[in-house]
Amino acid sequence: MAAAGAGHVATKGVASLLLGGLYLFLYAPIAYVIYISVNKDLIWPFPPQFTLEAYELLANSSTYKDALWNSVLLGLGSAIICTFFATMGSISILKYRSRWRGLIAIVYLAPLFIADLLVGISSLLFNRQVLDLPGNMGSAMIANAVHGTSFAFLIMLAQLARYDWRLDDAAMVFGARPLRCFWEVTLPIIWPAMLGAFIISFILAFNNLEISFYNLGAIPTLPTIAWGSLRFGLSQSPELFALAALVNGAVLLAFTVMYLLMRYRIVSFGHRD
Amino acid sequence: MAYGPSTLRRRLGPEGRFLLMAVPGALFIVVFLLGPIVSIIVFSFWRTEVFNLIPDWNIDNYVILFTESTYIEFLKRSFVTAVLVSLACLIYSWPVAYFIAKHGDRYRLLLVLALAAPFFTGIILRIAGIQGVMGPVGIVNLALMNFGMQPIEFIMYTQTATGIGIAYLFVPFMVTAIYLSLLNFDFELLEVAKINGARPWRAFIEITWPLNWIGTVIGLVLVFVPSMAESITPRFLGGPNAASFGSVLSLQFGETGTWALGSAMGVVLFAVSSIVIFAMWRTVNLQRSGFTGKGS
């Protein structure tokens, strides 16, 4: 009995060490870019000499400013498409018992299993040769939205799994039109799920490199500019560290907000305690 | 006429209403995912001339891919790397996900979100970070040299470094997939096994592992597919000679502009991924995995 207990404690100890190791692995590079971004020496910043030069460079660079605006636009456009389709798809799957449900779910999730690079190059050729569309913001939004819809769909599905659709039926019985019913009954309840889906698909398109790169033509976004700078070496581009620090900060902030919303049970995103 | 929409609704029935809502999104995905895939299959049998695709049907692109040893080498290298990375992520993630699901208590949401969050920063900034930490002139090696020690050779422009970089990118998928599976797993079953005299290890092999196999498969596939196609990590962590199948593929759409060959490489990549997904899915038994179809 005592031996089994000791074994149990040892297993728990090893597992928590592995967990700590994984956090270290995932966050050391993030801590590193944030630390470097406020330092003078990019290569060996010890002892630290703090400066905000990298942020000044970033703020004064018109290239990065244009790229930021393009990334925001791309993220917004893609997130609107994703949230729209994911909302319709998840509601239809959860609300109606149809024999097509399985097939529809597979279609909505299929993009998760196709690599970004493949989506990027195949959309490029499809748009160019078949649809005769040049690479531009619109085609990049669409190509990114294909991937984002799957993520948004998963989030919506998990969040809405417990929604009681009889509320909608009740509204319908009292004569509400479908759109009005959605607006006044469904939407006030499901908006946090839609917000979560929107945030995640925005972040994905905002930060995407491989899909955007092939479908944007010559329009620069933050990831494509960062990719260009990285090719000349990390030490050559202090503003890249400032950018990485800011993007990491923004993503972590978004996740903190989502965590707090879930923690205080404003939304669950499908999570159970 | 005034009752137009509601008559329509009544006439449609649940099946019709389902299709009305589900089909637009599905159609969007079919057109803009399947359409491109089908078109690269077609273009892979064409040829390219000065950045233009010529509909001159031939199988030369595939002949090149399967006879020139460099392409075979790249494909093999990417495949082996992807398999090893997926397995490494699997072995590491299982105890971690299990620990969070079983012992995380009220912190488990925080613990798992913190593992998922880094994924969303985007590939390029994450690569920049990990290159700064463990690249040849990264902080780890500089620190070692500063203290008069040898730098760690196996992370200096090697295939191992590429593998670690790819694992860094995609390990969040694995932990999340296994965690979500364990979240729906009834840990009481293990108590029952214990009462009936099963050792913990045996209970794991016969109950926990098979009942969570579906989560494991999803994790494996979600890590394997992007790892197999990785084109950026090898360039920044693997050094000048570490080209992967993905990075050579992307070259066809950049400097050389040989789109037909690039399409054929895309088809090969798609085929390999599909075969792996199909083979993995064959091992899943929905009844045995505790999947009830009732959602989470």
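Two residues are in contact if their C-beta atoms, placed from the backbone, lie within 7 Å. The coordinates discussed here are those of a predicted model. On that contact criterion, 79 residues of chain A are in contact with 76 residues of chain B. The elements of chain A that give two or more residues to this side are α1 (2-37), α3 (62-95), α4 (101-109), α5 (116-130), α6 (137-160), α8 (178-207), α10 (222-231) and α11 (238-263). The largest share, 16 residues, comes from α1(A). By class, the side of chain A that touches chain B has 61 nonpolar, 13 polar and five charged residues.

**Chain A as a whole**

Chain A has eleven helices and zero strands, and its pattern along the sequence reads α-α-α-α-α-α-α-α-α-α-α. The C-alpha trace of chain A spans about 75 × 70 × 30 Å along its principal axes. Of the 273 residues in chain A, 44% are buried. Among contacts in chain A between residues at least 6 apart in sequence, 77% join residues at least 24 apart.

In soluble globular proteins, nonpolar side chains tend to be buried together. In this model the largest nonpolar core holds 161 residues, and the members that touch the most others are Ala197(A), Ala97(B) and Ile124(B). Helix α7 (residues 159-183) of chain B gives this core its largest share, 15 residues. At least three residues of the core come from each of domain 1 (1-43) and domain 2 (61-282) of chain B.

What does Ile124(B) touch, not counting residues up to four places away in sequence? The list is Leu209(A), Pro223(A), Ala226(A), Trp227(A) and Leu230(A) of chain A, together with Ile232(B). Pro223(A), Ala226(A), Trp227(A) and Leu230(A) are among the buried residues of α10(A), which also include Leu222(A) and Ile225(A). Within chain A, the buried residues of α10(A) pack against α3, α8, α9 (210-215) and α11. In chain B, they pack against α5 (123-134) and α11 (233-238). Just after α10(A), Gly233(A) takes a positive phi of about 100°.

**Domains of chain B**

Chain B is divided into domain 1 (1-43) and domain 2 (61-282). The centres of these two domains, taken over C-alpha atoms, are separated by 35 Å. Four residues from domain 1 of chain B and six residues from domain 2 of chain B form the contact. The side of domain 1 that touches domain 2 has four nonpolar, no polar and no charged residues.

**A bent helix in chain A**

α8(A) has 30 residues, but its end C-alpha atoms are only 36 Å apart. A straight helix would reach 44 Å at 1.5 Å a residue. α8(A) bends by about 65° at Leu187(A), and a proline, Pro188(A), follows within four residues.

Thr87(A) is found in helix α3 of chain A. Is Thr87(A) buried or exposed? A residue is buried if 20 or more other C-beta atoms lie within 10 Å of its own. Thr87(A) counts as buried because it has 24 C-beta neighbours inside 10 Å. Leaving aside neighbours within four places in sequence, Thr87(A) is in contact with Met156(A) and Met194(A). Thr87(A) and Thr149(A) are 62 residues apart in sequence, and their C-alpha atoms are 9.4 Å apart in space.

**Positive phi at two aspartates**

Asp132(A) has a positive phi although it is not a glycine, and Asp105(B) also has a positive phi without being a glycine.

Methods: Residues are numbered from 1 along each chain as its sequence is written. Chains are lettered from A and ligands numbered from 1 in the order in which they are written. This is a predicted model: local features need pLDDT of at least 70, side-chain atom pairs count only at pLDDT 80 or more; totals for chains, interfaces and linings use all residues. A residue is buried if 20 or more other C-beta atoms lie within 10 Å of its own, exposed if 12 or fewer, and partly exposed in between; C-beta atoms are placed from the backbone. Ala, Val, Leu, Ile, Met, Phe, Trp, Tyr, Cys and Pro count as nonpolar, Asp, Glu, Lys and Arg as charged, and the others, Gly among them, as polar. A nonpolar core is a set of buried Ala, Val, Leu, Ile, Met, Phe, Trp, Tyr and Cys residues joined through C-beta atoms within 7 Å. Domain bounds come from an automatic or database domain assignment. The expected span of a helix is 1.5 Å times one less than its number of residues. The bend at a residue is the angle between axes fitted to the seven residues ending there and the seven starting there.
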